[in-house]
Amino acid sequence: MEKNNFKVMLYIKKDTENEQVFFKTDGQRFSTDKTIKLTVDTSYGFSVITRPPQIIQNISVMGTNVNTTEMTGDSSSLTYTFSWPSTGTQLTTKGKRDILPVVLEVKDNGSLTMNLQIKFYKLEDKQHYTWV
């Protein structure tokens, strides 16, 4: 079976108050030069957009399947949204980074794994995980 070419866009926001998620540039100290800043014990809203539309049969974050809501924008894209709680995650040690695997199982195309480089902060460390 021939595989289809498509684009995937991933958006992350905090579920509470629809807050932005920030990133920092780390240079070449880690496997990726940018790190997404997340906090422990926080619910995040994800949007996955495929262009052209693709049927995503399953999504998992850190090995746990999530429940998705499918919304159709138009004939050029398809959007899936879901929430993921960072409850139970550990703080990232200073000078280290963690990987947040997001796996999409796409009908007739197999699995796509996005390994996001992240750092988990305490909720009280707002000056570190936002632009102040």
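Read along the sequence, the protein chain runs in the pattern β-β-β-β-β-β-β-β-β-β-α, and the model is a predicted one.

Me: What does the radius of gyration say about the protein chain?
Reply: A compact globule of 132 residues would have a radius of gyration near 14 Å, and the protein chain, with 16 Å, agrees with that. Taken along the principal axes, the C-alpha atoms fill a box of roughly 45 × 35 × 25 Å. Among contacts between residues at least 6 apart in sequence, 66% join residues at least 24 apart.

Me: In what order do the strands of the open sheet lie, and which of them stand at the edges?
Reply: The open sheet has 6 strands in the order E2-E3-E10-E9-E5-E6, and the pairing is mixed. Strand E2 (22–25) and strand E6 (64–65) stand at the edges; each has a single partner strand, so one side of each is left without a neighbour in the sheet.

Me: Which strands pair with E10 in the parallel sense, and which run antiparallel to E10?
Reply: Strand E3 (residues 34–39) pairs with E10 in the parallel sense over 4 bridges, and in E10 the bridge partner of Thr39 is Tyr121. E9 and E10 run antiparallel and are joined by 9 bridges, with Val102 standing opposite Met114 in E10. The hairpin of E9 and E10 has 3 residues between the strands, and there Asp108 takes a positive phi near 65°.

Me: Which residues have the most contacts inside the largest nonpolar core?
Reply: In soluble globular proteins, nonpolar side chains tend to be buried together. In this structure the largest nonpolar core has 23 residues, and those with the most contacts inside it are Phe46, Ile59, Phe82, Trp84, Leu100, Val102 and Leu104. Strand E4 (43–51), strand E5 (56–61), strand E8 (77–85), E9 and E10 each supply at least two residues of this core. Leaving aside neighbours within four places in sequence, Leu100 is in contact with several residues, including Phe46, Trp84, Met114 and Ile118.

Me: Is Asn109 buried or exposed, and what does Asn109 contact?
Reply: Asn109 lies in the loop between strand E9 (98–106) and strand E10 (110–121). Its relative accessible area is 13%, and buried means under 20%, so Asn109 is buried. Beyond its neighbours within four places in sequence, Asn109 is in contact with Lys3, Asn4, Phe6 and Gln54, and a polar contact of 3.0 Å joins the side chains of Asn109 and Gln54. Asn109 and Ile56 are 53 residues apart in sequence, while their C-alpha atoms are 9.5 Å apart in space.

Me: Where is Asn58 found, and with which side chain does the side chain of Asn58 make a polar contact?
Reply: Asn58 is found in strand E5, and its side chain makes a polar contact of 3.0 Å with the side chain of Asn65. Not counting residues up to four places away in sequence, Asn58 touches Asn65, Val103, Leu104 and Glu105.

Terms used
Residues are numbered from 1 along each chain as its sequence is written. This is a predicted model: local features need pLDDT of at least 70, side-chain atom pairs count only at pLDDT 80 or more; totals for chains, interfaces and linings use all residues. Side-chain values use heavy atoms; hydrogens and water are left out. Buried means under 20% relative accessible area, exposed over 50%, partly exposed in between (1.4 Å probe, protein chains only). Contact means heavy atoms within 4.5 Å. A polar contact is a pair of N or O atoms within 3.5 Å; within protein, one must be able to donate a hydrogen and the other to accept it, and residues adjacent in sequence count only if both atoms are side-chain atoms. A nonpolar core is a set of buried Ala, Val, Leu, Ile, Met, Phe, Trp, Tyr and Cys residues joined through side-chain atoms within 4.5 Å. Two strands pair if DSSP finds at least two bridges between them. The radius of gyration is taken over C-alpha atoms; the globule rule is 2.2 Å times the number of residues to the power 0.38.
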